[in-house]
Amino acid sequence: MKDTSLNARNLIFLSILIAVLGLGICPVNAQAEIKELIIGIGIDADTLLPYDQTTTLMQNMADLIYDSFFFQDPEGELHPRLATEYEVSADGLTYTIHLRKGVKFSDGTDFNADAVKNAWDNIFDPKARVPLRFAVGMVQACEKIDDYTVALKLKYPFAPLAPTISMSLVSPISPAALEKYGENIRENPVGAGPYILDKWVKGDRIEMVRNENYWGPKPTVAKIIWKIVPEAATREAMLRAGQIHICYKPLPSNVAALKADPNVTVEMPLDTRTIFMGLNCQKGVTTNKKVRHAFNYAVDKKAIVDKILFGTAEPMDGPVSPKVFGHFKMDHQYEYNPEKAKQLLKEANFDFSKTVQMRTPQGRYLFDRQVSEAIQAYLQAIGVKAELRTYDWPTYVAGLLKPIEESELEVFLLGWGPLILDADMGLYGQFTCEVNPPKGLGSAFYCNPEYDQIMKASREEQNPEKRLELLKKASELVWADAPWMWLHVEKFVIAYSSKIKGMVVTPTEKFYPHYITMQ
Amino acid sequence: MFNYLLKRLISTIPVLIGISLLLFFMLRMLPGDPAQVLAGQMATPEEIENIRRQLGLDRPIYEQYAVYMSRLVRFDLGRSARTQNPVIDEIWARLPNTVLLAVVAIALACLFGIPAGIISAVRPYSWLDYLVTMSALFGISMPVFWLGLMLVVLFSVILKWLPAGGTGSWQHVILPSITLAAFVVAFIARMTRSTMLETLSQDFTTTARSKGLKEQVVIVKHALKNALIPIITVVGLQFGLLLGGAVLTETVFAWPGLGRLIVDSILARDYPMIQGAILLFGLLYIFVNLVVDFIYAFVDPRIRYD
């Protein structure tokens, strides 16, 4: 008969098994608590009202205070949060959202369908300042079905709606707080997220404390301090000196040195933001497709990424970032080939006596002016006279938004960063006729009815496979027409103490430190 | 004296009106639309128009000015376009930091600059004089930004003695005030040296020496006292400039002062905030000049404001 009693060896094995399993399923509140986490950031928040801001970093903060309906992870997968599931009607015009039960806002108010309807009504209110309203412009109404179910009624079918409502833009706000604070809700945010705003010292720091009544797993970090340190070099120094734990966007030129430091971990996932040189398709020398192709061949994008951006970007291989749903690496790449560029210009009867006007913002994107200067040099190398003008951002945008009759744009640098991991915001938001200025910032004035038709169909298509086919078709079309010099996709760089483990960093330039552990 | 004070106070009113008028129209001549900046790059034209309407920018410019002035006489600087908080609250949150940094920096600069200038003038063309002159040249030429970062590297990263940035304790003030003072101390030292050299060669100094007075008494009581007026002028001007915000120092040391607030507001075309802060600077500058004028009278009894 086999002895089934626990001998010493079995006992040790069992103990190890329990320990290993225990660690794996251990609730986070059993892990060592981190009393304070200090994050060095570059700018102060203008507002923490989720529907009133446009900055990714502030949306990141808002996510911690309000929570969202869904969470889109770095791979693009949707996870239930305040919403548990959703259904789409056959015509694609109604999304039924099931809400999580038993959740309360941090002020004790119940989270339910009324609160959600209230949040949507705020966004629909034409008097409210909602800069990103366009992102949910397809939703025309939010109807309460029962206490924990709402229906979103759409004006037109929009396949990527679920990731869209994972944005903090539509995060529910405590109705009681809205009533209590009125206009001052901007400085007194109350949501159902894992943190509560504790203190906001203007220009200096924002302090958040853990919401002890949070519906989800208890965060390991008791207090998060967002320390405002505008100078990236100082943020890095503070990280090295141990005065902050996380350094948001260190200087690209110092990334190599930070990586070499054993006390620092550097993460730099590819971002959704593409950087490009827009080429005016309706005015000037770049109306000729051969000229646009020549300009694409004239620039060594790999060299720009390596030498100017210190490897904190990757050359574009399709019209959208590889991180979004609907990205395809194009079969044909515009490899650096100045001879081919010259040949194409000859075929296009390019007038070399003309000076091409280039424009660039300064300080908006990573080394934007330097990148533009390099491109100017590349164009000059193939015999094209190019004059580069630099502007501050407000002046620059004013120039980009002029209609074609008034537009003086020929070649201009711009960046475009979709807020969700879906190609729609890139392909629709930059290349359809509808977004040509002054209606949108599709300042290359690309307008192709065939392309528009494909994009419209992609919004209506609920089948992901079929939708991918349509997005691929649209990508191929615009890639071949080349309304941009396809430059690079930025990386989101974040450096933190190597003691920190378990940081979640997303391609939408966000990071979530509340379940980290610290060795 | 009281009449003079009253006259000076009354004279500030047209100056402030002039500043507000110039600022209001110059700001609106700048290219760039505040509504567009606030709305962000992806906003629709309808949303931008909505924001423009909320900010009152859709009204004729003379109407906007009338509204602005009618608020101003009631001491209402309006609300920031960016944060939508009252401008005065945003300024008050940062003003104490700016004043603290300016006061400590100017005190340090006087503490080191005046004695250095005196030593340099008393021993002209000696190695001490060359040392002071060279240090002053170094202080003036050194970019504030670079000096700040070097101090951070040395005292925060390597020695770990002082915090690299932020506020909260007296240690936080040390590095930014040294950085700011380095530039001002050079100015003060150079000015002290040149005015002291001038007074030391004048007849009353020779008379004081021939009376058999001790050299320290001659230098401090006779020469320095007469050399103080231009030094006070320089100190006053520099203090006024420091109150205007030391943007680079504030940026390097994450110091939440008014300089950064103004730069951020200009970049966002936040008209109410820029107008409010610049107007306050104007007021502070006038006040500092007034104080300097009274110090003149205190230092030199020949100056009277009757």
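**View 1. The buried face of helix H6 of chain B.** Val132(B), Ala136(B) and Gly139(B) are the buried residues of H6(B); buried here means that 20 or more other C-beta atoms, placed from the backbone, lie within 10 Å of a residue's own, exposed means 12 or fewer, and partly exposed is in between. Seen down the axis of H6(B), these buried residues fall within an arc of 65 degrees, so they line one face of the helix; the arc is that of the directions from the helix axis to the C-beta atoms. On the other side of H6(B), look for the exposed residues Trp127(B), Met134(B), Leu137(B), Phe138(B) and Ser141(B). The cover over the buried residues includes helix H5 (87-122) and H8 of chain B. Helix H6 (residues 127-141) of chain B has 15 residues and should span 21 Å at 1.5 Å a residue, which agrees with the 21 Å between its end C-alpha atoms; the expected span is 1.5 Å times one less than the number of residues. Helices (H or I, at least four residues) and strands (E, at least two) are DSSP runs, numbered from the N terminus.

Before you move on, please note that this is a predicted model, in which local features need pLDDT of at least 70, side-chain atom pairs count only at pLDDT 80 or more, and totals for chains, interfaces and linings use all residues. Residues are numbered from 1 along each chain as its sequence is written, while chains are lettered from A and ligands numbered from 1 in the order in which they are written.

**View 2. Ile188(B) in the largest nonpolar core.** This core holds 221 residues, of which Met277(A), Val184(B) and Ile188(B) touch the most other members. A nonpolar core is a set of buried Ala, Val, Leu, Ile, Met, Phe, Trp, Tyr and Cys residues joined through C-beta atoms within 7 Å. With 15 residues, helix H8 (residues 170-200) of chain B gives the most to this core. Neighbours within four places in sequence aside, Ile188(B) is in contact with Ala109(B), Cys110(B), Gly113(B), Ile114(B), Gly117(B), Ile231(B), Val234(B) and Val235(B); contact means that C-beta atoms, placed from the backbone, lie within 7 Å.

**View 3. Where chain A meets chain B.** Here 38 residues of chain A are in contact with 44 residues of chain B. On the side of chain A, strand E10 (223-228), helix H6 (232-240) and helix H12 (393-400) each give two or more residues. By class, that side has 19 nonpolar, seven polar and 12 charged residues. Ala, Val, Leu, Ile, Met, Phe, Trp, Tyr, Cys and Pro count as nonpolar, Asp, Glu, Lys and Arg as charged, and the others, Gly among them, as polar.

**View 4. The two domains of chain B.** The domain assignment of chain B gives domain 1 (17-73) and domain 2 (94-299), with bounds from an automatic or database assignment. Their centres, taken over C-alpha atoms, are separated by 37 Å. Eight residues of domain 1 of chain B are in contact with nine residues of domain 2 of chain B. Helix H1 (2-29) and helix H2 (34-39) of chain B each give two or more residues to the domain 1 side, and H1(B) has the largest share, five residues. The domain 1 side has six nonpolar, two polar and no charged residues.

Key:
Contact = placed C-beta atoms within 7 Å.
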